[in-house]
2 protein chains.
Amino acid sequence: EIAAALHPARPLDGARVLLTAGPTREPLDPVRYLGNRSSGRMGYALAEALTALGARVTLVSGPTALTPPPLEQVVQVETALQMHAEVIARAAACELFVATAAVADYRPVAPAETKIKKEHAALEIRLERNPDILAEVAAHRPAPFTVGFAAETERVEHYARGKLVDKGLDMIAANRVGGPRGGFEREENALTVLWSDGQRELPMMAKPRLARALAELIAERYLEHHAPSS
Amino acid sequence: EIAAALHPARPLDGARVLLTAGPTREPLDPVRYLGNRSSGRMGYALAEALTALGARVTLVSGPTALTPPPLEQVVQVETALQMHAEVIARAAACELFVATAAVADYRPVAPAETKIKKEHAALEIRLERNPDILAEVAAHRPAPFTVGFAAETERVEHYARGKLVDKGLDMIAANRVGGPRGGFEREENALTVLWSDGQRELPMMAKPRLARALAELIAERYLEHHAPSS
């Protein structure tokens, strides 16, 4: 009975989850943009897996080629600034915030209003920092249970542990990208999941299965976090 | 009989067509890239429509979310330099070259080998020109019958007529992008098709139908071009 209470079939029953997914696009002009290789697949699969555990998921998604699963709400955005606005407007009303989106760190300072002509042999684009959505939500008081993602090409665990501490996250899921077994644009992936006093390896598997394993781990840590301390 | 000979059901029977489609992606680092909003839809539809007119179509495609129709050959590329190499290798063996791809005019000078960290409040990206694939093919002797595309945000016909002349094309299909009725990322489109001594308007319609109308116009101009002058 105790085991059943600790591991119910719907451990996140009714919990409101705000989840970001996909890349963002930062316009240079009406046709060109700065993008990244996130397909959104892991985020969409995780939104579905969290819903299966009973959560009410609101998805804020950058541009992807995917059809969203049936969720509480789906909000489509394009830029980091748009994603920031939609997330901040909803952050106070969620118990969990799961940031799978690959938000552009930088945006062009002044997007051109008409298509840039190719008159010059060289061109310089000036970029400025976008807001850090994840750090901002984690710094909110009261903060939701925050889960971040780290996609790194090198020293994956080192950078991920740094991000967990610096941004004050509750959990971070890290993966290697850019290599032959990297995470973006692929059907399968592996994750190292870290929290303040522990970590777990989720080995290489298909993204939907990996998403279910991660959703269960998120639920486990979230319930632990909210359990009255003994 | 003359009409039937001038307008056979398969006017391009056996003609070898080399067709580019989609955007290109120019890497900044292993996860970030410079991209554009071409979906590839118009190019893929045109490849299919030209095949229906009897042509043997080789498609060189940048990254899209589309499944290619059954064609003679499909070559997937990512960058403008890759598209350039694949096209130049095949240009001498085609009778028609149709360039629908939105090839990036510029690429980052030196893509980073590992993910750029967001240490700085601002960043500058230096870009250099990519080769002009279309102009290069049109300048080849003997040149195939070359059809270009122009996607413009303003003065559409002016820029398209300039491109036709400057690059020595046989035809150019121009459309307005970036506006509410613009061509990228939409299911329908309109084209203004120009050649040295004429032009035709193809009004707003679904892209597959527009592609069939354009394919017929290409066949008409191509056969006219190859007909013995009277």
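This is a predicted model: local features need pLDDT of at least 70, side-chain atom pairs count only at pLDDT 80 or more; totals for chains, interfaces and linings use all residues.
View 1. Strand S11 (residues 188-195) of chain A is mostly covered, since 6 of its 8 residues are buried under the cut-off of 20% relative accessible area. With strand S12 (residues 198-206) of chain A, S11(A) pairs in the antiparallel sense over 7 bridges, and in this pairing Glu188(A) stands opposite Ala206(A) in S12(A). Strand S10 (residues 171-176) of chain A also pairs with S11(A) in the antiparallel sense, here over 3 bridges, and Ile172(A) stands opposite Leu194(A) in S11(A).

**View 2. The contact between chain A and chain B.** The size of an interface is often given as the accessible area lost when the parts come together. Between chain A and chain B the buried area is about 3900 Å², and carbon and sulfur atoms give 46% of it. The contact draws on 41 residues from chain A and 41 residues from chain B. Across this interface there are 21 residue pairs in polar contact, counted where both residues have pLDDT 80 or more. On the side of chain A that touches chain B, strand S3 (32-36), strand S8 (122-129), strand S9 (145-152) and helix H5 (156-167) each supply at least two residues, and S8(A) gives the most, with 8 residues. The residues on this side of chain A divide into 17 nonpolar, 6 polar and 18 charged.

**View 3. Strand pairing across the interface.** Strands of a sheet pair through backbone hydrogen bonds, either parallel or antiparallel. S8(A) and strand S8 (residues 122-129) of chain B pair in the antiparallel sense over 7 bridges, with Glu124(A) standing opposite Arg126(B) in S8(B). An open sheet of 4 strands is also present, in the order S2(A)-S3(A)-S3(B)-S2(B) and with antiparallel pairing. Within chain B, S2(B) and strand S3 (residues 32-36) pair in the antiparallel sense over 2 bridges, and Pro27(B) stands opposite Tyr33(B) in S3(B).

**View 4. Salt bridges between the chains.** Side chains of opposite charge can pair when their charged atoms come close. The count between chain A and chain B is 6 salt bridges, while the count over all chains comes to 24. One of the contacts joins Asp105(A) to Arg32(B), with the closest N and O atoms 2.4 Å apart. Asp29(A), Arg32(A) and Asp105(B) are in turn linked in a network of salt bridges.

**View 5. Salt bridges within chain B.** The side chains of Asp13(B) and Arg10(B) meet in a salt bridge at 3.1 Å, N to O; Asp13(B) counts as exposed at 55% relative accessibility, whereas Arg10(B) counts as partly exposed at 44%. Glu72(B) forms a salt bridge with Arg56(B), the closest N and O atoms being 3.2 Å apart. Glu72(B) lies in the loop between strand S4 (56-61) and strand S5 (73-76) of chain B, and Arg56(B) lies in strand S4, so the pair ties together parts that are 16 residues apart in sequence. Both partners are partly exposed, Glu72(B) at 48% relative accessibility and Arg56(B) at 39%. A further salt bridge connects Glu128(B) with Arg107(B) at 3.5 Å, N to O; because Glu128(B) lies in strand S8 of chain B and Arg107(B) in strand S7 (residues 106-108), this pair ties together parts that are 21 residues apart in sequence. Here Glu128(B) is partly exposed at 28% relative accessibility, while Arg107(B) is buried at 19%.

**View 6. The surroundings of Gly14 in chain A.** Gly14(A) lies in the loop between helix H1 (2-6) and strand S1 (16-21) of chain A, and it is partly exposed, with a relative accessible area of 33%. Leaving aside residues up to four places away in sequence, Gly14(A) touches Gly54(A), Arg56(A) and Glu95(A). Gly14(A) and Ala55(A), which are 41 residues apart in sequence, are 5.3 Å apart in space, C-alpha to C-alpha.

Terms used: Residues are numbered from 1 along each chain as its sequence is written. Chains are lettered from A and ligands numbered from 1 in the order in which they are written. Side-chain values use heavy atoms; hydrogens and water are left out. Contact means heavy atoms within 4.5 Å. Buried area is the accessible area (1.4 Å probe) that two parts lose on being put together, summed over both. A salt bridge is a side-chain nitrogen of Lys or Arg within 4 Å of a carboxyl oxygen of Asp or Glu. A polar contact is a pair of N or O atoms within 3.5 Å; within protein, one must be able to donate a hydrogen and the other to accept it, and residues adjacent in sequence count only if both atoms are side-chain atoms. Ala, Val, Leu, Ile, Met, Phe, Trp, Tyr, Cys and Pro count as nonpolar, Asp, Glu, Lys and Arg as charged, and the others, Gly among them, as polar. Two strands pair if DSSP finds at least two bridges between them. Buried means under 20% relative accessible area, exposed over 50%, partly exposed in between (1.4 Å probe, protein chains only).
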